[in-house]
Amino acid sequence: MGKYILRRVLLMIPIVLGVATLSFILMKLAPGDPAAAYLGDKATPENVAQLRQAWGLNEPMIIQYFQFLTGLLVGDFGQSFIFQTSVLELLKLRMPATLLLMLVSLVFAVVISVPLSLWVAAKRSAASAIVSRVFAATVQGMPAFFVGTLLILVLGVNLGIFPVGGYGSNFGEHLYSLVLPGLAVALTICPVLIRSLTAALNDSMSAEYTNFALSKGLSRKRTVIDYAFRNAGITGVSILGIQVGHLVGGALVVENVFAIPGVGSLLMEAVLARDYDVVQALTVIFGVLVVLVYLLTDVVYSIVDPRVRLGA
């Protein structure tokens with residue numbers, strides 16, 4: 001296990017380098033000038049030139065690239081042009097809201113997907129299968145921002161149960177304000193989880209050990225929960241880990257819908273203002289986060305199923 005984790009960590013180095021390089025190139029190729037965007041109506045050729053010189057944007061591209069990489073090695077993500085502070089300070093302020101939103105979304109996804117999949121497998125009826133398929137097909141066709149807007153209209157505006165925006169001032173208010181955005185993100189990954197888990201449960205129910213349990217008089221419901229779900233849960237863990245990328249993307253989009261002060265709204269502001277250091281730092285951080293979650297998924301997979309041996 002230790003050797004496997006070490007190999008995967010070492011493999012992260014070229015991945016992170018590739019993500020950092022790609023984000024740097026794409027930001028430099030993007031149209032627009034951060035100095036001109038920052039000055040706005042006061043932008044003159046002289047003012048823009050002075051600001052570009054002060055920000056180091058007149059340096060050769062290769063020098064800017066190596067300065068960026070050197071900063072990453074020592075944990076220095078640079079300075080935000082727009083907010084006039086270090087990117088690290090911005091991350092300390094904004095990252096907790098995004099991580100909490102992702103955690104809430106993950107909990108909602110599990111709470112929705114697992115019971116529905118167990119119900120379909122236990123019922124084994126045409127009606128339950130149709131309900132599951134219609135739900136999955138309907139939700140999968142909706143982007144996260146559209147689902148969030150519907151939730152705002154129904155549960156926020158019409159029923160007034162949950163706030164339609166903001167983040168609150170304490171942990172309890174944070175959780176309360178993240179119910180709708182967390183549900184919006186969760187619903188976008190539920191269809192894949194439901195289909196995968198239901199298929200795994202049905203396969204397990206066709207195995208010899210479950211047939212033996214049924215032949216002893218155990219009800220189908222107890223067999224699904226006590227026997228089939230143990231093996232099907234391994235598939236669920238794998239699919240859930242794979243969906244982390246979609247979870248990150250959904251969280252970043254939904255934050256702007258619900259006015260949550262996380263890195264999603266920060267990223268949007270930085271992209272529009274051509275704030276290079278902020279965009280590059282967030283791209284690298286979320287790239288690392290996704291890779292780490294994939295690694296954690298593999299480790300959990302081997303723990304849940306001792307028959308799995310992690311190799312190269």
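Q: Which helix is Ala186 found in?
A: Ala186 is in helix α9. Helices here are DSSP runs of H or I with at least four residues, strands are runs of E with at least two, and both are numbered from the N terminus.

Q: What kind of model is this, and how are residues numbered?
A: This is a predicted model, where local features need pLDDT of at least 70, side-chain atom pairs count only at pLDDT 80 or more, and totals for chains, interfaces and linings use all residues. Residues are numbered from 1 along each chain as its sequence is written, and side-chain values use heavy atoms, with hydrogens and water left out.

Q: Back to Ala186. Is it buried or exposed?
A: Ala186 counts as buried, because its relative accessibility is 0%. Buried means under 20% relative accessible area, exposed means over 50%, and partly exposed is in between, using a 1.4 Å probe and protein chains only.

Q: What does Ala186 touch?
A: Leaving aside neighbours within four places in sequence, Ala186 is in contact with Ser105, Phe108 and Ala109. Contact means heavy atoms within 4.5 Å.

Q: How far is Ala186 from Val107?
A: They are 79 residues apart in sequence. In space, their C-alpha atoms are 8.1 Å apart.

Q: Zooming out, how many helices and strands are there?
A: The protein chain has 14 helices and zero strands.

Q: What are the spans of the chain?
A: The C-alpha trace spans about 85 × 55 × 35 Å along its principal axes.

Q: What share of the residues is buried?
A: 41% of the 312 residues count as buried.

Q: And what about contacts along the chain?
A: Take contacts between residues at least 6 apart in sequence. Of these, 72% join residues at least 24 apart.

Q: Next topic: helix α7. What should its span be?
A: Helix α7 covers residues 144–158, which is 15 residues.

Q: Where does α7 bend?
A: At Ile152, by about 30 degrees. The bend is the angle between axes fitted to the seven residues ending there and the seven starting there.

Q: Which residues of α7 are buried?
A: Ala144, Val147, Gly148, Leu151, Ile152, Leu155 and Gly156 are buried.

Q: Why would residues three or four places apart point the same way?
A: An α-helix has 3.6 residues a turn, so residues at that spacing point the same way.

Q: What do the buried residues of α7 pack against?
A: They pack against α9 (179–205) and α12 (244–257).

Q: What follows α7?
A: Gly160 does, with a positive phi near 65 degrees.

Q: Which residues other than glycine have a positive phi?
A: Gln84 is one of them, with phi about 55 degrees. Ala259 is another, with phi near 55 degrees.

Q: Where are those two, and are they buried or exposed?
A: Gln84 is in the loop between α4 and α5. Gln84 is partly exposed, with a relative accessible area of 49%. Ala259 is in the loop between α12 and α13 (263–272). Ala259 is exposed, at 53%.

Q: What about Ser80, where is that?
A: Ser80 is in the loop between α4 (61–73) and α5 (87–123). Ser80 counts as buried, because its relative accessibility is 3%.

Q: What does Ser80 touch?
A: Not counting residues up to four places away, Ser80 touches Thr85, Val87, Leu90, Asp275 and Val278.

Q: Last one: where is Leu178, and is it buried or exposed?
A: Leu178 is in the loop between α8 and α9. Leu178 is buried, with a relative accessible area of 0%.

Q: Which residues does Leu178 contact?
A: Leaving aside neighbours within four places in sequence, the contacts of Leu178 include Leu100, Leu101, Val104 and Tyr167. Leu183 and Ile260 are also among them.

Q: How far is Leu178 from Phe258?
A: They are 80 residues apart along the chain. Their C-alpha atoms are separated by 8.8 Å.

Methods: Expected span 1.5 Å × (residues − 1).
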